[in-house]
Amino acid sequence: MDPQLLPYYEAIERASADMVAAARAGNWDRVVKLEGACVLLITQLRHAADQANPPSDAQAAKQAARTKSRLMQRILVNDAEVRQLAEPWLGELEDTLAGRSRTLH
C-alpha cells in the first residue's frame, strides 16, 4: 500500500461521514451531491493507484495498509447507515412517482 494514496481514502471517508450527517438531517439533495463527490474521489484514487510506485519502506507500507483498512471499515459503516436511513425516503419517492399517496390511519 502506497502511503501517498491515504489522502484519497481520508477524503472519501470524510465525504461518507458528511453523507451520514446529511442523511440524518433528511437533506437528500446533499447526500446525492456528496455521493457524486465520492465517485469523483474514487476515480481519482484509481488513477493515482495506477500511477503509484511500490513503496520502498516496508514499515511505512504496513502502517499505510492498516490505516487504509481502518478508513475502509468506516466508509463501509457510513455507507450502510446512509442506506438504512434512505430506505423510508426511497419508499416515499417510489410511492410519489407511482401516484400513490401515503395516509396514516
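From the N terminus on, the elements of the chain run α-α-α. That is three helices and zero strands, where helices (H or I, at least four residues) and strands (E, at least two) are DSSP runs, numbered from the N terminus. The radius of gyration is 18 Å, well over the 13 Å that the globule rule gives for 105 residues, so the chain is more spread out than a compact globule. That radius is taken over C-alpha atoms, and the globule rule is 2.2 Å times the number of residues to the power 0.38.

A word on the source. This is a predicted model, in which local features need pLDDT of at least 70 and side-chain atom pairs count only at pLDDT 80 or more, while totals for chains, interfaces and linings use all residues. Residues are numbered from 1 along each chain as its sequence is written, and side-chain values use heavy atoms, with hydrogens and water left out.

Back to the whole chain. Taken along the principal axes, the C-alpha atoms fill a box of roughly 65 × 20 × 15 Å. Of the contacts with a separation of 6 or more, 73% are between residues 24 or more positions apart; contact here means heavy atoms within 4.5 Å. Buried residues make up 29% of the 105 residues. Buried means under 20% relative accessible area, exposed over 50%, and partly exposed in between, with a 1.4 Å probe and protein chains only.

The accessible surface comes to about 7,500 Å², and 54% of that surface belongs to carbon and sulfur atoms. These areas come from the Shrake-Rupley method with a 1.4 Å probe; for residues, only the protein chains shown count as cover. As for charge, there are 13 positive and 14 negative side chains, and the centres of the two sets lie 4 Å apart. Lys and Arg count as positive and Asp and Glu as negative, with His and the chain ends not counted. The place of a charge is NZ of Lys, CZ of Arg, CG of Asp or CD of Glu.

Now helix 1. Its 19 residues should span 27 Å at 1.5 Å a residue, and its end C-alpha atoms are 27 Å apart, which agrees. The expected span is 1.5 Å times one less than the number of residues. The buried residues of helix 1 include Leu 6, Tyr 9, Ile 12, Met 19 and Val 20.

Which charged residue should we look at there? I would take Glu 13, which lies in helix 1, residues 6–24. Glu 13 is buried, with a relative accessible area of 14%. Leaving aside neighbours within four places in sequence, Glu 13 is in contact with Leu 71, Arg 74, Ile 75 and Asn 78.

Arg 24 is also found in helix 1, but Arg 24 counts as exposed at 59% relative accessibility. Not counting residues up to four places away in sequence, Arg 24 touches Glu 81 and Leu 85. Arg 24 and Leu 85 are 61 residues apart in sequence and 6.9 Å apart in space, C-alpha to C-alpha. Just after helix 1, Gly 26 takes a positive phi of about 75°.

Next, helix 2, residues 28–51. At 1.5 Å a residue, its 24 residues should span 34 Å; the end C-alpha atoms are 35 Å apart, which agrees. Its buried residues are Trp 28, Val 31, Leu 34, Cys 38, Leu 41, Leu 45 and Ala 48.

Asp 29 lies in helix 2 and is exposed, with a relative accessible area of 59%. Its C-alpha atom is separated by 20 Å from that of Ile 75, 46 residues apart along the chain. Lys 33 is in helix 2 as well, and counts as exposed at 64% relative accessibility.

Last, helix 3, residues 58–97, where Thr 67 has its place. At 12% relative accessibility, Thr 67 counts as buried. The C-alpha atoms of Thr 67 and Lys 33 are separated by 26 Å. Between Thr 67 and Gln 4, 63 residues apart in sequence, the C-alpha distance is 12 Å.
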